[in-house]
Amino acid sequence: MHTNKKILLVLTLLVTAFAACNRNPKPEDQKDKFIVAKGLYNFGPEVKSFTDCEEGREYWVADSAKTLELAYSNLGFEKPYVPVYIEVQCHFVKSDTTTVTGDYDSTMVVTKLLKISKQIPEGPCAQ
């Protein structure tokens, strides 16, 4: 009977150790993977795009923070698709090729809106 208890104890310890080693990282562990992107954002019924000022690359935008579209709307444009300058905390994921986002190489997932402005700064973002 002691042998069965020892085996059960060893198995329990192994399962516990395995679970501890293979835990999913916490969101705090992932916060270093976010970057700050600066560029032009276009928003309308069919397009949510971002053009990086430095590289000129265009990305589909997913607003996980749920603040970017609202802030754009609050700027009071009469027509959609007027570009604005934004600075956002984000990360990039591969776009789904079966949806409209498939026209873009990557999707920029916005996690935090840092700045939005009708004023487009001088330099690479100037049109």
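The charged end of K118 sits over the ring of F77, 5.1 Å from the ring centre; such a placement requires NZ of Lys or CZ of Arg within 6 Å of the ring centre and within 35 degrees of the ring normal. The model is a predicted one, in which local features need pLDDT of at least 70, side-chain atom pairs count only at pLDDT 80 or more, and totals for chains, interfaces and linings use all residues. Residues are numbered from 1 along each chain as its sequence is written, and side-chain values use heavy atoms, with hydrogens and water left out.

F77 also belongs to a cluster that ring pairs build from Y41, F43, Y72 and F77. Rings of Phe, Tyr and Trp (its six-membered ring) pair if their centres lie within 6.5 Å; planes under 30 degrees apart are stacked, over 60 edge-to-face, and the rest tilted. The count of aromatic pairs by this rule is six. One of them joins F43 and Y72 edge-to-face, at 5.5 Å centre to centre and with 70° between the planes. F43 is in strand 1 (residues 35-43) and Y72 in helix 3 (residues 68-74), so this pair ties together parts 29 residues apart in sequence. Helices (H or I, at least four residues) and strands (E, at least two) are DSSP runs numbered from the N terminus. Both F43 and Y72 are buried, where buried means under 20% relative accessible area, exposed over 50%, and partly exposed in between (1.4 Å probe, protein chains only).

Y59 and F92 form a tilted pair, 4.7 Å centre to centre with 45° between the planes. Y59 belongs to strand 3 and F92 to strand 4 (residues 84-94), 33 residues apart. Y59 is buried because its relative accessible area is 7%, while F92, at 32%, counts as partly exposed.

The strands themselves make up a closed barrel of five, in the order 1-2-3-5-4, with mixed pairing. Two strands pair if DSSP finds at least two bridges between them. Strand 3 (residues 58-63) pairs with strand 5 (residues 106-117) in the parallel sense over four bridges. In strand 5, V110 is the bridge partner of D63.

Strand 5 also contains S117. This residue counts as buried because its relative accessibility is 15%. The side chain of S117 reaches the backbone nitrogen of Q119 at 2.9 Å. Apart from neighbours within four places in sequence, S117 is in contact with V84 and Y85, contact meaning heavy atoms within 4.5 Å.

Technical notes
A polar contact is a pair of N or O atoms within 3.5 Å; within protein, one must be able to donate a hydrogen and the other to accept it, and residues adjacent in sequence count only if both atoms are side-chain atoms.
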